[in-house]
Amino acid sequence: MQKDILPLGITPDQFQQLKTQALKARELSYSPYSRFRVGCCILTKTGDFVVGANVENASYGGAICAERTAIVKAVTSGHRGEWRCLAISGDSLDSCISPCGICRQVIREFAPLQLPVVMFNGDGSKYVVKTVQELLPLSFGPEDLRT
Ligand SMILES: O=c1ccn([C@H]2C[C@H](O)[C@@H](CO)O2)c(=O)[nH]1
Ligand SMILES: [Zn+2]
């Protein structure tokens, strides 16, 4: 039987999993300085879910965002390339969190330009979806070094 596919190109169950796991991943956040927790979940080509949270440092500039934590975990677990979706969540109930500039570039390194990035608010009741292309137009990527 054909699986139900959302416009995002993933199943409703995968969407729910992404939401649940991105929100849950905030519990792993180490953010004593900003007190700003962020969780991320990547749906890989193989249908696995890889989560990450932000990890801060007493030397503030050493902070690593949730997105990059999840990306580095995915890549070093053999889940590189052809990701299906990346989801993030902060704690704000009002606004949906949006990835910082550094993370946009790091996502772009490994993701197709059409990868949907789902940005949830704190309880998952709201979300915004943008592709990598929309988040980082006219981007510079690995192919640009191979000309
Ligand atoms: O999309 C974002 C935005 C911010 N942060 C983290 C970095 C820092 O630990 C804290 C405050 O900027 O939130 C993320 O993990 N992802
Ligand atoms: Zn970031």
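Cys103 has its place in helix α3, and in this predicted model that residue counts as buried, because 25 C-beta neighbours lie inside 10 Å of it. Leaving aside residues up to four places away in sequence, Cys103 touches Cys65, Glu67 and Arg68.

**Helix α3**

- The buried residues of α3 are Ile107 and Phe110 together with Cys103, and they lie on the same side of the helix because they cover an arc of only 65° around its axis.
- An α-helix has 3.6 residues a turn, so residues three or four places apart point the same way.
- The exposed residues Gly101 and Ile102 are carried by the face of α3 that is turned away from its buried side.
- Among the elements that cover the buried residues of α3 are α2 (66–75), β3 and α4 (132–135).

**Positions listed in UniProt**

- An unreviewed UniProt entry lists Cys65, Cys100 and Cys103 under "binding site", and although these residues are spread over 39 residues of sequence, they cluster in space, with a largest C-alpha distance of 8.4 Å.
- Cys100 is found in the loop between β3 (85–89) and α3 (101–110), and this residue counts as partly exposed because it has 13 C-beta neighbours inside 10 Å.

Notes. Residues numbered from 1 in each chain as written. Chains lettered and ligands numbered in written order. Predicted model: local features only at pLDDT ≥ 70, side-chain atom pairs only at ≥ 80, totals over all residues. UniProt positions renumbered as here; feature names shortened; annotations may be inferred. Helix = DSSP H or I, 4+ residues; strand = E, 2+ residues; numbered from the N terminus. Buried ≥ 20, exposed ≤ 12 C-beta atoms within 10 Å, placed from the backbone. Contact = placed C-beta atoms within 7 Å. Arc of directions from axis to C-beta.
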